[in-house]
Amino acid sequence: MTAKTPRPQPFNVFCIAQSGRLEYEAILFVLSFRAANPDFAGRLLVAEPQPGPRWSEEVRISGPVRAILEGAGAEIVPFESKVFGQSYPYGNKIEALAALPAGEPFVFFDTDTVFTGPLSDVGFDFTKPSASMRRTGTWPEPPLYGPGYTAIWKSLYDKFGLDGFEETLDLSQPDEYWRRYMYFNAGWFFGADPAEFGARFLHYARAIRDETPDELACQSLDPWLDQVALPLVIHSFGGERPGPELDGLDGAVSCHYRAMPLLYARESDAAIEMVETVVAPNPIKKVLKLYEPAKKLIYQGKGRKLREIIASEGMPRTEKMLRNRIKRAKLWLR
């Protein structure tokens with residue numbers, strides 16, 4: 001008798017949204033997710049920080065945007081900012097984990113993500129968490145006379161009593177070269193239990209911020225704190241760098257575009273077509289036109305013109321050069 005193939009484990013997907021840029025990006029996130037994942041069996045959650053002493057202004061999603069998100073089947077999940085808030089908004093992705101359904105596998109995506117394929121094409125193993133490798137060598141920046149990459153990273157593993165630092169090294173890369181060390185972009189990550197993952201993530205991030213090891217004395221933690229703590233969290237749960245089964249993320253399934261001008265300048269035709277298709281209906285257009293980048297780049301067609309400029313001139317070698325090229329075209333909008 002032929003054994004049945006086990007059914008994939010159901011899981012939840014979440015992003016963060018609050019008033020301003022993120023709520024408009026959440027429209028693209030939710031609508032493209034639903035278009036690319038019509039048979040998704042989990043819950044699509046949009047985590048929303050709540051007003052409190054760590055925010056000086058209104059942070060809740062506006063009514064018109066909320067209606068679009070909920071109309072597309074997303075669930076708005078409130079959470080309290082107890083540690084970070086306005087002083088470090090990247091901490092939202094850490095603190096929001098406590099509000100997710102405990103014990104249910106999760107995948108987090110930054111809100112500036114659009115979907116072009118089904119997540120069923122991605123081979124998640126929630127017992128081995130991982131995160132995005134679409135990163136550059138932003139952290140650390142070792143001082144001239146040391147400590148170097150090894151001493152800096154090892155001090156963090158030692159701080160939390162984590163064994164196996166040497167096992168995290170990519171030995172195909174040279175010693176004291178940033179790619180040798182396990183470092184992620186926090187644009188997506190996943191795990192088996194948001195309660196456990198989030199508690200450890202918060203503990204590590206807070207301890208790094210408040211009880212910084214001496215080896216990090218010359219290092220900036222803003223805005224890199226989440227990406228400093230994330231490899232430690234992933235390693236502590238038995239995770240590692242993503243394997244080929246996750247290639248659809250930052251690939252054929254999801255696109256972390258980071259800023260709308262960059263979406264038009266360098267991302268795939270599939271990502272552009274998905275965005276322009278899902279935001280075409282008039283009820284969506286009426287709301288999204290309030291967001292200046294969407295108004296000019298999507299609805300006024302300036303994004304397509306920017307794309308033509310970059311294609312004709314050739315893609316700049318670095319993102320900094322690309323951003324400068326977009327600024328010269330007066331289309332760097334966020």
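## Close-up views of a predicted model

**View 1. Strand 2 is covered on both faces.** L44, V46 and E48 on one side of strand 2 are all buried, as are L45, A47 and P49 on the other. Buried means under 20% relative accessible area, exposed means over 50%, and partly exposed lies in between (1.4 Å probe, protein chains only). Strand 2 spans residues 44–49, and six of its six residues are buried. In a regular strand the side chains alternate between the two faces of the sheet. Strands here are DSSP runs of E with at least two residues, helices are runs of H or I with at least four, and both are numbered from the N terminus. This is a predicted model, in which local features need pLDDT of at least 70 and side-chain atom pairs count only at pLDDT 80 or more, while totals for chains, interfaces and linings use all residues. Residues are numbered from 1 along each chain as its sequence is written, and side-chain values use heavy atoms, with hydrogens and water left out.

**View 2. Strand 1 runs parallel to strand 2.** Strand 1 covers residues 12–16, and four bridges join it to strand 2. Two strands pair if DSSP finds at least two bridges between them. C15 stands opposite V46 of strand 2. V46 is one of the buried residues of strand 2.

View 3. A salt bridge is a side-chain nitrogen of Lys or Arg within 4 Å of a carboxyl oxygen of Asp or Glu. Both residues lie in helix 1 (residues 21–36), four residues apart, or about one turn of the helix. E25 is buried, at 3% relative accessible area. R21 is partly exposed, at 31%. Across the whole structure, a search finds 19 salt bridges.

View 4. Helix 4 spans residues 149–159, and the two partners sit four residues apart in it, about one helical turn. K154 is partly exposed, with 31% relative accessibility. D158 is also partly exposed, with a relative accessible area of 46%.

**View 5. E313 and R325 bridge two helices.** The side chains meet in a salt bridge of 2.5 Å, N to O. E313 belongs to helix 11 (residues 302–313) and R325 to helix 12 (residues 319–328), so the pair ties together parts that are twelve residues apart in sequence. E313 is partly exposed, with a relative accessible area of 49%. R325 is buried, at 14%. Elsewhere, salt bridges that share partners join R134, R258, R266, E267, E319 and R323 into one network.

View 6. R258 sits in the loop between strand 8 and helix 7 (260–266). At 30% relative accessibility, R258 is partly exposed.

**View 7. E176 also has a positive phi.** The angle is about 65°, and E176 is not a glycine. E176 is placed in the loop between helix 4 and strand 7 (185–191). This residue is partly exposed, at 34% relative accessible area.

View 8. One joins G146 and P147, with omega about 5°. P147 is in the loop between strand 6 (130–132) and helix 4. Another joins D222 and P223, with omega about 20°. P223 lies in the loop between helix 5 (194–210) and helix 6.

**View 9. Negative charge gathers in a surface patch.** The patch holds D125, E240, E245 and D247. Patches are made of residues with over 30% relative accessible area and no salt bridge, like charges being joined within 9 Å and nonpolar side chains (Val, Leu, Ile, Met, Phe, Trp, Tyr) within 5 Å. Asp and Glu count as negative, Lys and Arg as positive; His and the chain ends are not counted. A charge is placed at NZ of Lys, CZ of Arg, CG of Asp or CD of Glu. Accessible areas come from the Shrake-Rupley method with a 1.4 Å probe, and for residues only the protein chains shown count as cover. E245 is located in the loop between helix 6 (225–236) and strand 8 (254–256). E245 is partly exposed, at 42% relative accessibility.
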